[in-house]
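Let's take a walk through a protein model together. Keep the sequence and the 3D view side by side as you read.

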Amino acid sequence: MANNIAFQAQGRTYKANATTSSQTIEIYSDSPCNQLLVQNHEPSGTAGHPVYFRVSNLANVTVTAPGNGTPQYALCSVPASVRVYTVPYQFSNSTPLYVAFISETDSPECYFTPGEGL
């Protein structure tokens, strides 16, 4: 993993339409990596809502949106944001990364791209 370079995509971008139910996608990369570029977009005409997500090397991963006084294991992608996350699992074209995602309301669009860099 090279953290001192600009982000370099190492696989296909996955689109996730978040809802109020936890959903899970499998992400594969062309070569081993452990970073994700996450972009949160909103469908036209909405006010903007975060997407909460959790990563795992196990297929049965789920996520719950945190509430007041109820912390959860979840990362947060805020509306109109682009951020690189380093995940604790290496994934590749034969070993997927599982990403569970959820939203509090509406259906924000979130994009996940495997790779490495800043």
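Are F53 and Y85 buried or exposed? F53 is buried, and Y85 is buried too; here buried means under 20% relative accessible area, exposed means over 50%, and partly exposed lies in between, using a 1.4 Å probe and protein chains only. For F53 the relative accessible area is 1%.

Before going on, a word about the model. It is predicted, so local features need pLDDT of at least 70 and side-chain atom pairs count only at pLDDT 80 or more, while totals for chains, interfaces and linings use all residues. Residues are numbered from 1 along each chain as its sequence is written, and side-chain values use heavy atoms, with hydrogens and water left out.

Now look at the rings. A pair of aromatic rings is described by the distance of the centres and the angle of the planes. Rings of Phe, Tyr and Trp (its six-membered ring) pair if their centres lie within 6.5 Å; planes under 30 degrees apart count as stacked, over 60 as edge-to-face, and the rest as tilted. The structure holds two aromatic pairs. In one of them, the ring centres of F53 and Y85 are 5.1 Å apart with the planes at 90°, so this pair is edge-to-face. It links distant parts of the chain, with F53 in strand β5 (residues 51-56) and Y85 in strand β7 (residues 81-91), 32 residues apart. Strands (E, at least two residues) and helices (H or I, at least four) are DSSP runs, numbered from the N terminus.

F53 also forms an edge-to-face pair with F112, at 5.5 Å centre to centre and 75° between the planes. This pair, too, links distant parts of the chain: F112 sits in strand β9 (residues 109-116), 59 residues from F53. F112 counts as buried because its relative accessibility is 0%. Together, F53, Y85 and F112 form one aromatic cluster.

A nonpolar core is a set of buried Ala, Val, Leu, Ile, Met, Phe, Trp, Tyr and Cys residues joined through side-chain atoms within 4.5 Å. The largest has 18 residues, and L36, F53, V99 and F112 have the most contacts inside it. Several strands each supply at least two residues of this core, including β5, β7 and β9. A second, separate core of six residues includes Y52, V63, A100 and I102.

For contrast, find A80 in the loop between β6 (75-77) and β7. A80 counts as exposed, because its relative accessibility is 76%. Its phi is near 55°, a positive value in a residue other than glycine.
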